[in-house]
Amino acid sequence: MKSYVKLVNFEFNRYFKIYVVLVGITILCQITGVIFEGLRFVKEAQETMQHEMITMEQYAMNYGPISMYDFIETIWFIGPVAICIVTLLIYMLFIWYRDWYGKHTFIYRLLMLPVERLNIYFAKVTAIFLFVLGLVSLQLILLIIENNILTRLVPEALLMEMSITSLLTFDILIILYPPTFSEFLLYYGAGFLFILVVFTMILLERSFRIKGILLAACYGGVIFALLLAPILINESLNDYFYPIEILAIEGILALMIGTVSIMLSRFLLNKKITV
Amino acid sequence: MIEVKNVKKRYGRKTVLNGVTFSAKKGEITCLIGINGVGKTTIMKAIMALTPIHSGEILIDGEKVNKNTFNKVAFIPDMITMPPNMRIEEALEFMADFYPTWNQTRAEEILEFFRLNRKDRIGDLSKGNTAKANLLLGLALDVDYVLMDEPFSGIDIFSREEIAEIFTSHLVEDRGVIITTHEINDIEHLIDRAIILHEGRVLKEFDTEKVRELEGKSVIDVMREVLM
C-alpha cells in the first residue's frame, strides 16, 4: 500500500508541470472570457438602448438578458475544457509510452521495483483519475467565481441570475457534476472503466508489439460490442426491459470488464511484458 | 546462485536463445561473451522478468523470479533507467524510497568516488558520467547479485579505468556478478568464469584462472579458438 501511494505521488509529480499549465490556461481563458463577454454585452446593450431609446427592462424584454448559460456556450468556456479533455486523453497514452521510449527507459526501473507490478498500473490509473477530479473541482470553483464576476459586471435588469445548482443541469455540466450519487457512479464509473480498458490495450500492445496492436483492437472491439449488446437486444425486443434493468445489466457487465481488464493487465505485467 | 536452465526465447521467427544453460555463483564474476545479437542482453532481461521466455527456467537462490527477487538482484542496463529531467539526488531519493536494500552510505561513497555532482540533471550528464550514475544506482543496493550489461560501452578510457576499479573494490566483492562486455581487455584479469555464447547456445563455459594456468590461454585466445 505504501509503495502504491509513493508511486501515485511520483506519477502525479511527473505530470504536475503540464497540469499547472492546464489549470493556468483554464483559469486565464475562462476569467478573461467572462469579463470580455460581460463587458461586450453591456456595451452592445447600451448602444442599442441609446439608438432605440429604450430602457434596460425593454432591452431585456426585446433582446433577452445575458446569463451564465450564454457564457458557457462560448469558446472561452468550451475551449479550455476541450483542451483539458484532449490533453488528458493523450496523457493516458503518454503515461505509459514515455517510459518505454527515448534514451532513458524508465520502464526498466519501474518493472524492477520490489513491489507488485500491478501497483504501477493502479498508480497510473489513480494519477489520471486524480487529474480529472482536480480539474472538475477547479471548474466548479471557477463557475462560482465567473457567476460572481458576471453579476458585478452586468446591471441587474440585463442579467438573468442563475444559481450554480441550476447551472449544473446544462449540457456537459450535468455529466461533470451528476445530480445524484447513482449518476455519479454511472458517469465516473464509465470513465474509470475506460481508463482500465485503454491501459489494458496499451499493455497488450507493449507485450506483443505488432500482434499486440491487433489483440488490443480486438479487446477494445469486444468490450464495445459487449457494452452495446444489452441496448441493441432491448431495442430488438421492443424495449422489453425497463431502463433500470438495462442499467443493472450494464453495471454488472462493467464490473466484469473491469475485473477482467485488471486481471489481464496483472498477467501481462508479470508474465508477458517486454522492455 | 543464479541458475539459467535450458532457456529458449524467440523474437518473432528468430530464435535468440536456444536452450541456454549456465549458473553464476555468489562471489564470482561471470562474463557472458559473444558477438552482437547473440542474446546476452536478452538473458539479463529474462533473469529480471523484463522479457518473457518461451521455455526453460530461471532460479535465483532456488526461487523463481518474483517481486522479492529485486531485493536480491540488481540489473544495470546499458542505458540509465531514470527520467532525464531528474537530478542525481532525486534519483537517489527515489531509490531510497522504493528499495529496502538501498544503502545510502555506499551511495555517498560511490558518488564521491566517481566525482558526480548530485545537483546535475541525468539528461545533462556526459556519456561517461551517465554510465557512472547508472552504476551508482545499481551498486548502492545491498543485493547478492549484480547484472551489468555493457558497462564500458561507448565511454572514454579514463572512465573505463574508473569503472574497472570498482570491480576490485569492496563494492563488488562477495557479490555474484554477471557482466556482458565487448571491452574484454579492461576486465579480463577480473573475470572468474567466462561463458561464450553463439547462435543462442552456450558454446563454452570455463574457469578463466584454470585456463590461464593450465593452458596458458587468455579469454580472448579461447574466444578466438571457439568462435573463429
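Predicted model: local features only at pLDDT ≥ 70, side-chain atom pairs only at ≥ 80, totals over all residues.
Local features require pLDDT of at least 70 and side-chain atom pairs count only at pLDDT 80 or more, whereas totals for chains, interfaces and linings use all residues. Residues are numbered from 1 along each chain as its sequence is written, chains are lettered from A and ligands numbered from 1 in the order in which they are written, and side-chain values use heavy atoms, with hydrogens and water left out.

**View 1. The open sheet of chain B and the surroundings of I60(B).** Four strands of chain B form an open sheet in the order β2-β1-β4-β5, with antiparallel pairing, where strands (E, at least two residues) and helices (H or I, at least four residues) are DSSP runs numbered from the N terminus, and two strands pair if DSSP finds at least two bridges between them. The edge strands, each pairing on one side only, are β2 (14–24) and β5 (63–64) of chain B. Strands β4(B) and β5(B) run antiparallel and are joined by two bridges, and E63(B) in β5(B) is the bridge partner of I60(B). I60(B) itself belongs to strand β4 (residues 55–60) of chain B and counts as buried at 2% relative accessibility; here buried means under 20% relative accessible area, exposed over 50%, and partly exposed in between, with a 1.4 Å probe and protein chains only. Leaving aside neighbours within four places in sequence, I60(B) is in contact (heavy atoms within 4.5 Å) with M1(B), I2(B), I47(B), V65(B), T69(B), K72(B), V73(B) and Y145(B).

**View 2. Helix α1 of chain B and the residue A49(B).** Helix α1 (residues 40–47) of chain B is largely enclosed by the rest of the structure, because seven of its eight residues are buried. The buried residues of α1(B) are K40(B), T42(B), I43(B), M44(B), K45(B), A46(B) and I47(B). Just after α1(B), A49(B) adopts a positive phi of about 55°.

**View 3. T180(B) in strand β8 of chain B.** T180(B) lies in strand β8 (residues 176–180) of chain B and, at 0% relative accessibility, counts as buried. The side chains of T180(B) and D149(B) make a polar contact (2.6 Å), a term for a pair of N or O atoms within 3.5 Å in which, within protein, one must be able to donate a hydrogen and the other to accept it, residues adjacent in sequence counting only if both atoms are side-chain atoms. When residues up to four places away in sequence are not counted, T180(B) touches L32(B), K40(B), M44(B), M148(B), D149(B), E150(B) and P151(B).

View 4. Over all chains, a search of the whole structure finds 22 salt bridges, each defined as a side-chain nitrogen of Lys or Arg within 4 Å of a carboxyl oxygen of Asp or Glu. In one of them, the side chains of E11(A) and R98(A) meet at 2.9 Å, N to O. E11(A) lies in helix α1 of chain A and R98(A) in the loop between α4 and α5 (106–111) of chain A, so the pair ties together parts that are 87 residues apart in sequence. Both E11(A) and R98(A) are buried, and a network of salt bridges links E11(A), R14(A), R98(A), D99(A) and K124(A). In chain B, the side chains of K132(B) and E162(B) form a salt bridge (2.6 Å, N to O). This pair links distant parts of the chain, with K132(B) in helix α4 (residues 127–139) and E162(B) in helix α5 (residues 157–168) of chain B, 30 residues apart; K132(B) and E162(B) are both buried.

View 5. The side chains of E209(B) and R212(B) meet in a salt bridge (3.2 Å, N to O). Both residues belong to helix α7 (residues 208–215) of chain B and are three residues apart, about one turn of the helix. An α-helix has 3.6 residues a turn, so residues three or four places apart point the same way. E209(B) is partly exposed, with a relative accessible area of 41%, and R212(B) counts as partly exposed at 28% relative accessibility.

View 6. R209(A), found in helix α9 (residues 181–236) of chain A, has a positive phi of about 50° although it is not a glycine, and R209(A) is partly exposed, with a relative accessible area of 31%. E199(B), a residue other than glycine, has a positive phi near 45°; E199(B) lies in the loop between β9 (193–198) and β10 (201–207) of chain B and is exposed, with a relative accessible area of 64%.
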